Each structure stands twice: as structure tokens, then as C-alpha cells.
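This report describes a single protein chain.

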Amino acid sequence: MGDVAAIIKVMPNSPDVDLDALQDRLEESLPQGAKIRGFERDDVAFGLVALLPTVIVPDGAGGTEAVEEAFEGVEGVESVAVENVGRL
């Protein structure tokens, strides 16, 4: 089996959330075997900026579910949604 790359949209719960600190917390929350290849930022509206980490996970049962669950439990995160998935 190979790896899967997923772009996951992480919405902070407020425009006041420190995005650099949020990125660090997301990286710390990753389950074993997953890694972040990079972050992009997307201006949503009214000063709210979403983070778009590209996450690499092993191609196995569950896919990105463990990463999504980990991200949902991070302080400052309002919602998590998979934007795009592809094999490496």
C-alpha cells in the first residue's frame, strides 16, 4: 500500500485565533503515521482565515478519519472538512 495526501479545511472558531499557534497544535495532535507536508491559508470572510494543511496518511482502513477526529479535538477549531484526497 502507498500513501494518501489529503487537503483538510480547518476552520478556527474565531477570527481572533492565533493561526501560527493553531498550526502547532494541529501538528502535535496528529495520530501516529500521519504527517503534515505544508499549510495554506484561505481568507473566508470577515477576517476569518481557514487553515488548509496537506496531510499524508498511510493508505489503509479508515483513511483520514483519525486525522479528522484529532483535529476536531484541538483547541480553537470550529470545524474540519476534507477538501481533496489523492494517492501519492
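What pattern does the protein follow when read along the sequence? The pattern is β-α-β-β-α-β.

## Basis of the model

The model is predicted, so local features need pLDDT of at least 70 and side-chain atom pairs count only at pLDDT 80 or more, while totals for chains, interfaces and linings use all residues. Residues are numbered from 1 along each chain as its sequence is written, and side-chain values use heavy atoms, with hydrogens and water left out.

## Fold and dimensions

The protein contains two helices and four strands. Helices (H or I, at least four residues) and strands (E, at least two) are DSSP runs, numbered from the N terminus. The radius of gyration is 12 Å, close to the 12 Å that the globule rule gives for 88 residues, so the protein is as compact as a globular protein of that length. This radius is taken over C-alpha atoms, and the globule rule is 2.2 Å times the number of residues to the power 0.38.

Along the principal axes, the C-alpha atoms fill a box of roughly 40 × 20 × 15 Å. Of the 88 residues, 40% are buried. Buried means under 20% relative accessible area, exposed means over 50%, and partly exposed lies in between (1.4 Å probe, protein chains only).

## Salt bridges

The structure holds three salt bridges, each defined as a side-chain nitrogen of Lys or Arg within 4 Å of a carboxyl oxygen of Asp or Glu. In one of them, K9 pairs with D42, and the closest N and O atoms are 3.8 Å apart. K9 belongs to strand β1 (residues 3-12) and D42 to strand β2 (residues 35-45), so the pair ties together parts that are 33 residues apart in sequence. K9 is partly exposed at 22% relative accessibility, and D42 is partly exposed at 30%.

Another salt bridge joins the side chains of D20 and R41 (2.7 Å, N to O). Because D20 lies in helix α1 and R41 in strand β2, this pair ties together parts that are 21 residues apart in sequence. D20 is partly exposed, at 48% relative accessibility, and R41 is partly exposed, with a relative accessible area of 42%.

R87 and D59 also meet through their side chains in a salt bridge (2.9 Å, N to O). This pair links distant parts of the chain, 28 residues apart: R87 is in strand β4 (residues 77-87), and D59 is in the loop between β3 (48-58) and α2 (65-72). R87 is exposed, with a relative accessible area of 67%, whereas D59 counts as buried at 17%.

## Negative surface patch

D18, D24, E27 and E28 form a patch of negative charge on the surface. Patches are made of residues with over 30% relative accessible area and no salt bridge; like charges are joined within 9 Å, and nonpolar side chains (Val, Leu, Ile, Met, Phe, Trp, Tyr) within 5 Å. Asp and Glu count as negative, Lys and Arg as positive, and His and the chain ends are not counted. D24 lies in helix α1 (residues 19-29) and is partly exposed, with a relative accessible area of 42%.

## A buried loop residue

V74 sits in the loop between α2 and β4. At 9% relative accessibility, V74 counts as buried. The C-alpha atoms of V74 and P12 are separated by 9.9 Å, with the two residues 62 residues apart along the chain.

Conventions: Accessible areas come from the Shrake-Rupley method with a 1.4 Å probe; for residues, only the protein chains shown count as cover. The place of a charge is taken as NZ of Lys, CZ of Arg, CG of Asp or CD of Glu.
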